[in-house]
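Open the structure in your viewer and keep the selection panel handy. We will go stop by stop, and at each one you pick something and see what is there.

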Amino acid sequence: MKTILEASNLSKTYDGSKVLDIDEFSVEDGETLVFLGPSGAGKSLLLRILNMLEAPSTGTVRLGGEEILRLQGRERVEVARRMAMLFQEPLLFTGSVTRNVAYGLKVRGFPPAEIEKRVADALRTVRLVGFGERHVSTLSGGEAQRVALARAMVVEPEVLFLDEPFANLDRLNRDALQVEVRDILKRRGMTAVFVTHDQQEAARLGDRIMVLDEGRIVQRGIPSDIFHKPATESVARFVGMDNIYNGVVTSAAGGLAQVLIEGKAIEVVSERIEGEHVTVGLRPEDVTLVHAADIGSRESSRNALVGRVSSIEAQGPTAYVTVDCPFPVRALITMRSLEELGLEVGSEAGVRFKATAVHLIQGS
Amino acid sequence: MSTILNAFKEAFLLIVRFNPDFYRVLLLSLIVSGTATVIGALIGIPLGVALSESSFRGRRVLLTLVHAFMGLPPVVVGLFTLLVIMRSGPLGSLELYYTPTAMVIVQVILATPIIAGFTHASMEGVDPRLGLQAMSLGATRWQAAWVKMREARAGLVAAVIAGLGRVMAEVGAVLIVGGNLKGQTRVLTTDIVMQTRMANYELALAEGIVLILLVVIINIFLTRLQAEKGMREIEKRVTGYPA
């Protein structure tokens with residue numbers, strides 16, 4: 001695969017504090033690379049630097065093998081025109097939808113006939129046929145962001161940057177646009193760098209994910225690795241591994257280790273050796289709740305614990321239930337299961353999870 | 001009360017009778033203030049945009065100066081200009097003394113800071129991310145600034161209106177450098193002052209009414225620019241593309 005964009009030793013210092021410190025990464029032709037991280041991790045700053053809108057304190061960025069940050073004047077504009085960015089807000093210019101979508105083509109000096117054709121194509125792609133003459137002030141949030149998407153894609157950039165473009169949309173619009181954007185990117189073979197704080201969005205859109213925390217890449221990999229094998233405790237927490245425990249390996253044999261957590265032993269698939277201190281993580285959706293009385297029955301789960309429910313947080317059709325065993329185990333179950341089990345705060349519950357569901361956090 | 005009513009009648013007659021003396025004064029007012037406003041806008045708008053859009057050494061000092069000059073006392077500007085252009089002054093050889101050109105010069109000095117200051121303020125009111133968005137779509141710095149100017153157009157038109165308002169109403173400075181010479185440098189404001197001194201109150205007030213009418217008509221025309229259509233026309237001419 002051909003590398004489109006490469007960055008190395010990128011850093012940015014504001015008032016003596018380093019807010020971005022990235023060793024290196026590259027973006028391959030046609031892939032969607034996602035930078036996932038909490039607010040303030042430096043994601044937007046990184047995109048602005050890659051899009052030549054802000055200068056880094058140190059580092060180089062190569063587009064198609066050519067170093068671009070040192071360029072000036074006309075050369076700089078020519079290179080900048082091979083990229084485009086979609087921001088969190090639509091940032092539409094006052095006027096018609098057509099004026100907005102045509103903007104990038106106009107500044108590139110396309111002939112009017114070509115502009116007209118491309119704008120019509122772009123509006124079709126984002127399903128806004130017939131919206132050309134509408135004034136942008138009459139658009140809904142979802143429509144406005146679609147116009148912004150069409151405006152960025154119409155110039156057919158070699159790399160499209162997307163800075164949390166769905167963050168301000170309601171869930172329905174967000175879900176729909178995520179799918180649309182992914183399809184458009186794949187259909188056109190477009191290379192994209194996407195930043196988001198939303199792990200679902202990252203999983204949906206990313207071919208690869210890099211987790212950014214405090215300006216540094218703390219983990220990189222394919223989505224399943226990021227979500228199931230987080231490299232550090234902070235990544236684990238960020239990707240939704242809500243149950244994180246510190247323990248000691250008390251015995252290890254045949255790839256299975258016993259880890260003692262607050263006096264209770266759990267089984268973990270691991271090659272760790274006896275006496276080692278480890279941090280393990282468990283996703284709430286990997287935990288099953290049963291009646292306390294049924295906990296002894298034969299089941300494939302290696303880990304079975306009994307405890308008391310300490311909290312229930314209902315979230316629409318699902319609920320997070322925390323059971324103290326004595327260490328708190330957070331489980332995600334459906335509201336229906338919750339009703340069938342008749343659980344309430346203070347009642348006893350059985351907790352089960354497989355040894356394969358428990359992940360040793362690599363940094364520990 | 002009858003003076004005021006008579007003044008309205010007089011104003012009407014002044015307009016319909018096509019008195020050549022009066023029309024000469026009216027035309028000179030328009031030419032001097034119009035020219036000064038156009039020149040002031042040609043300098044003031046780019047200056048205000050530059051103060052907002054670019055960072056250069058001395059930007060803050062220049063901005064402070066612009067703000068201070070927005071309140072320049074016209075009489076002082078007139079006096080200063082007079083000392084520069086009078087026969088013994090540094091530009092005395094140009095013989096600008098008591099000419100419409102001298103009047104345009106003082107009015108440009110008065111209008112430019114106002115136009116620049118208001119332009120700067122309205123550009124600062126535009127979301128700076130719109131400029132970044134334009135650049136991320138391939139705009140040069142100036143094309144991005146143009147996008148922001150379009151967004152700030154109501155403010156820019158207001159800046160020009162304020163500049164025009166200042167110079168159309170000006171009397172002290174133009175009197176000093178122009179001298180109110182009949183048929184040569186007499187404009188509406190200086191004529192009003194003279195007629196008042198000569199106790200021709202009805203005529204003075206009539207001219208005042210005409211002056212106000214003139215300002216209102218020009219402002220209606222300029223305000224139309226704030227509407228989308230007018231701006232589109234300008235953009236079409238500047239960029240060669242219909243908006």
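**Stop 1: all of chain A**

Bear in mind that this is a predicted model. How many helices and strands does chain A have? The secondary structure of chain A comes to 10 helices and 20 strands. Now show just the C-alpha atoms. Along the principal axes, the C-alpha atoms of chain A fill a box of roughly 75 × 45 × 40 Å.

Chain A has 364 residues, and 53% of them are buried. Look also at the contacts in chain A with a separation of 6 or more. Of these, 68% join residues 24 or more positions apart.

**Stop 2**

In the contact, domain 1 of chain A supplies 6 residues and domain 2 of chain A supplies 4 residues.

How much area do domain 1 and domain 2 of chain A bury between them? The figure is about 500 Å², with 51% of it on carbon and sulfur atoms. Select Phe227(A), His228(A) and Glu233(A) next. These three supply 66% of the area that domain 1 of chain A buries against domain 2 of chain A, more than any other three residues.

Check the polar links here. The count between the two domains of chain A is 0 salt bridges. There are 2 residue pairs in polar contact between domain 1 and domain 2 of chain A, both residues at pLDDT 80 or more.

Stay on the domain 1 side. Helix 8 (223-228) and helix 9 (233-238) of chain A are the elements that give two or more residues to the side touching domain 2. Helix 9 of chain A has the largest share, 3 residues. By type, that side of domain 1 divides into 2 nonpolar, 2 polar and 2 charged residues.

**Stop 3: where chain A meets chain B**

Show both chains in separate colours. Here 29 residues of chain A are in contact with 23 residues of chain B. Chain A and chain B bury about 2,100 Å² between them, and 58% of this is on carbon and sulfur atoms.

Which residues form a salt bridge here? Select Glu89(A) and Arg129(B): they form a salt bridge, with their closest N and O atoms 2.3 Å apart. The count between chain A and chain B is 1 salt bridge. The interface also has 7 residue pairs in polar contact, both residues at pLDDT 80 or more.

Colour the elements on the chain A side. Those giving two or more residues to it are helix 2 (73-80), strand 6, helix 3 (97-107), helix 4 (112-125) and helix 5 (141-153) of chain A. Helix 3 of chain A gives the most, with 5 residues. The chain A side divides into 16 nonpolar, 5 polar and 8 charged residues.

**Stop 4: Met85(A)**

Select Met85(A) in strand 6 (residues 83-86) of chain A. Is Met85(A) buried or exposed? Met85(A) counts as buried because its relative accessibility is 0%. Beyond its neighbours within four places in sequence, Met85(A) is in contact with residues of chain A, including Leu47(A), Asn51(A) and Phe161(A). Gln133(B) and Ser136(B) are also among its contacts.

Draw a distance from Met85(A) to Leu149(A). They are 64 residues apart along the chain, and their C-alpha atoms are separated by 8.9 Å.

**Stop 5: Ile184(A)**

Move to helix 6 (residues 171-188) of chain A and select Ile184(A). Its relative accessible area is 2%, so Ile184(A) is buried. Not counting residues up to four places away in sequence, Ile184(A) touches Thr125(A), Leu149(A) and Met153(A). Ile184(A) and Met153(A) are 31 residues apart in sequence and 9.5 Å apart C-alpha to C-alpha.

**Stop 6: Ser122(B)**

Finish in chain B. Ser122(B) lies in helix 5 (residues 100-124) of that chain. Ser122(B) counts as buried because its relative accessibility is 17%, and buried means under 20%. What does the side chain of Ser122(B) reach? It reaches the backbone oxygen of Phe118(B) at 2.6 Å. Leaving aside neighbours within four places in sequence, Ser122(B) is in contact with Ala152(B), Gly155(B) and Leu156(B).

Terms used: Residues numbered from 1 in each chain as written. Chains lettered and ligands numbered in written order. Predicted model: local features only at pLDDT ≥ 70, side-chain atom pairs only at ≥ 80, totals over all residues. Heavy atoms only, no water. Contact = heavy atoms within 4.5 Å. Buried area = accessible area lost by both parts, 1.4 Å probe. Salt bridge = Lys/Arg side-chain N within 4 Å of Asp/Glu carboxyl O. Polar contact = N/O pair within 3.5 Å; in protein donor to acceptor, adjacent residues only side chain to side chain. Helix = DSSP H or I, 4+ residues; strand = E, 2+ residues; numbered from the N terminus. Nonpolar A, V, L, I, M, F, W, Y, C, P; charged D, E, K, R; others polar. Buried < 20%, exposed > 50% of the residue type's maximum accessible area, 1.4 Å probe, protein only.
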